[in-house]
Amino acid sequence: MIKVSTERDLRLDLFRGLALWLIFLDHIPSNAVSWITIRNYGFSDATEIFVFISGYTAAFVYGRAMQSNGFVVATARVLKRAWQIYVAHVFLFAIYLAEIAYVAHSFENPLYTEEMGVLDFMKNPDVTILQALLLKFKPVNMDVLPLYIMLLLWFAPVLWLLLRSPSLALLVSAALYSCMWIFEWNFPAYPSGTWVFNPFAWQLLFVFGAWCALGGAQRLGRWLNSPVVVGLAAVYLLFAFSIAMTWYIPRLGAYVPKLVGDAIYPIDKTNLDVLRILHFLSLAVITVWFVPRDWPALKSRVFWPAIVCGQHSLGVFCLGVFLSFAGHFVFTEVSNRVYTQVIVSALGIAIMVAAAALISWYRVIERQGPGPRPPSSKPGYAGGDA
Amino acid sequence: MMGRLAFLLAMLVLAGPAVAEHPAECRVAAHQIESIFPLPHVAVGIAAKKLNVLVLGAGSSLLPGATVGHEAYPARLQRALAEGLPGVEVKVATDVKPKRTAAEMVKALPAALAAVKPNLVVWQTGTADAIQAIDPDQFSQALDRGINISRAASADVVFINPQYSPRTESMIALGTYAENMRWVAVQQEVPLFDRFSVMKLWADLGTFDFYSATKKLDMAERVHDCIGRLLADLVIEATKPSEPHAEGGR
């Protein structure tokens, strides 16, 4: 049986918090500030960071629960978490409906007759809403939570195996990923197509995160500190950066050899392309190289805003999706000048931090207060959620 | 990213030579309409003094309610090509219907190719696929098929990607489809008319207000006029005998 470490790694909270900020910035369409986010400089984006760290913390929190309270209790808690995320997703969908109904009512322009076709689904809300509840109809930027739900639904048996034979669990996960590529497995979506984030693919990163939490990171330690690995990671990041530049400056594309272009395109986000995994791993290697676990600055006030967001990821994520809707609304109704975009982006992040601080404060008073539950009943929640 | 880039490019537009003879509002950075791939079949047509173009498209290649003199970009493309290629008989035919996905257009393509016998297929697509959330792989495969069918019929292809539509941006996930289009274009060496970035640049420069709600056609007409002209520039540029990187300091 693997021993689950008891000390929370603040780096995880920090980078999950940063990933949440980046996802928020990327989700506001036409946001000049999203120029700074990592997806513009390589193959992977904040989603990889979020899924990996979510896997890591899920194993950390529920692994301890499974060891101290047994399989049934841990499973029940994982499923409860999946339910909470489902409820959060449906709540966000309601907000989305409100937004789209408003646009349908207020906007008309002959230039955009084709684009307004997106509102057609409002004509039969019975089907659309039902499909949304079944997680088959997912509006733009609302694909991460359904992925998270699916990952948690099968997480309990995965965790059971991870605690007994981590390498076997990781192998099974990799086998599932390979089968997905060979047999083209994915869940169907509505009105057509498949899930934007294929759970059969993205589970690999989630399980890899969990594997790292359960001792994998220590086993990799020797490799992570090797200058050769760090050098390779740096070279790969540079390669991805050069390719990314050809997306914005088409004439640079002429310098990409046809062989390379044929080999790398398309870079498949739905099925978590190997290029994206490698890019994420390279980022992780470089990050671990520069930011040691016991880095004193992690406890400083400078990083607190990101860390507190990372510690309450579900609430902050949902708020981020809502704020990105609201931000887009400000752009369309008030102003879309660059300074507005900067203000909206900064304000959004400030609201996310404030909300995370508020959730922290609630946790503290709930623990102090004369509530019906003694604090020991939820040890897994100490220091944040999964 | 694109926003910031657009501002840099706007500076370039103001500093560098503007696209000649166009209304000032059409001006965009030269690189957005440059083509790094040649159009051999178009060059053959120009040499033979007869250029046939087929516009294959969906709703954003139409202007609902437009009358003669106020048409969508295909008619304007014909005028601009005729102006830019004196002595060449230019004919632009259209196969345009709203809400068609790339795969649906490919199905209609052989008949249209047989009827028009074009030297060039201008293919506007992507929006309907994004709205209907077509599997991006199937979208890319449809693009590949369309290119192969066109080339087998001795026609070059130019892609036009989706419009920049700020109001519906949070509802239509164009990203994947625009990316796949760009990748197919690079792999198949097809010039891409980056309508999205051109329109985004106009929005950033304040040339057009794409947020405005109106039933009037005037802005839509001016946008289509510019698109027709810029498209003609791209086509003519791609058939010039000089190497495509000759102009502009690098």
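Analyst: pLDDT is the predictor's confidence in each residue, on a scale from 0 to 100. This is a predicted model, in which local features need pLDDT of at least 70, side-chain atom pairs count only at pLDDT 80 or more, and totals for chains, interfaces and linings use all residues. Residues are numbered from 1 along each chain as its sequence is written, while chains are lettered from A and ligands numbered from 1 in the order in which they are written.

User: What does pLDDT say about chain A, and where does it stay under 50?

Analyst: The mean for chain A is 88, and 94% of its residues reach 70 or more. Over residues 374–384 of chain A, pLDDT stays under 50. For that stretch the model has 10 contacts beyond four places in sequence; a contact requires two C-beta atoms, placed from the backbone, to lie within 7 Å.

User: What makes up the side of chain B that touches chain A?

Analyst: By the contact criterion, 49 residues of chain B are in contact with 43 residues of chain A. Helices H1 (2–15), H5 (127–131), H6 (136–152), H7 (175–188) and H9 (218–239) of chain B each supply at least two residues of that side. The largest share, six residues, comes from H7(B). Helices (H or I, at least four residues) and strands (E, at least two) are DSSP runs, numbered from the N terminus.

User: How many elements does chain B have, and in what order do they run?

Analyst: Chain B has nine helices and five strands. From the N terminus on, they run α-α-β-α-β-α-β-α-α-β-α-β-α-α.

User: Why are E2 and E5 of chain B called edge strands?

Analyst: Two strands pair if DSSP finds at least two bridges between them. Strand E2 (89–96) and strand E5 (192–193) of chain B each pair on one side only, in an open sheet of five strands with the order E2-E1-E3-E4-E5 and parallel pairing.

User: How do you know that E3 of chain B pairs with E4 and with E1?

Analyst: Five bridges join E3(B) (residues 120–124) to E4(B) (residues 156–160), and these strands run parallel. E1(B) and E3(B) pair over four bridges, also in the parallel sense. Toward E4(B), B:Leu120 has B:Asp156 as its bridge partner, and B:Gln124 stands opposite B:Ile160.

User: Why is E3 of chain B described as largely enclosed?

Analyst: Five of the five residues of E3(B) are buried, so the strand is largely enclosed by the rest of the structure. Buried means that 20 or more other C-beta atoms lie within 10 Å of a residue's own; exposed means 12 or fewer, partly exposed in between, with C-beta atoms placed from the backbone. B:Leu120, B:Val122 and B:Gln124 point one way, B:Val121 and B:Trp123 the other way, and all are buried. Across chain B, buried residues make up 53% of the 250 residues.

User: What makes a set of residues a nonpolar core, and which residues have the most contacts inside the largest one?

Analyst: A nonpolar core is a set of buried Ala, Val, Leu, Ile, Met, Phe, Trp, Tyr and Cys residues joined through C-beta atoms within 7 Å. The largest has 87 residues, and A:Ala59, A:Leu159 and A:Ala210 have the most contacts inside it. Helix H2 (residues 46–69) of chain A gives the largest share, 14 residues. Apart from this core lies another, of 81 residues, among them B:Leu113, B:Ile160, B:Ala185 and B:Trp202.
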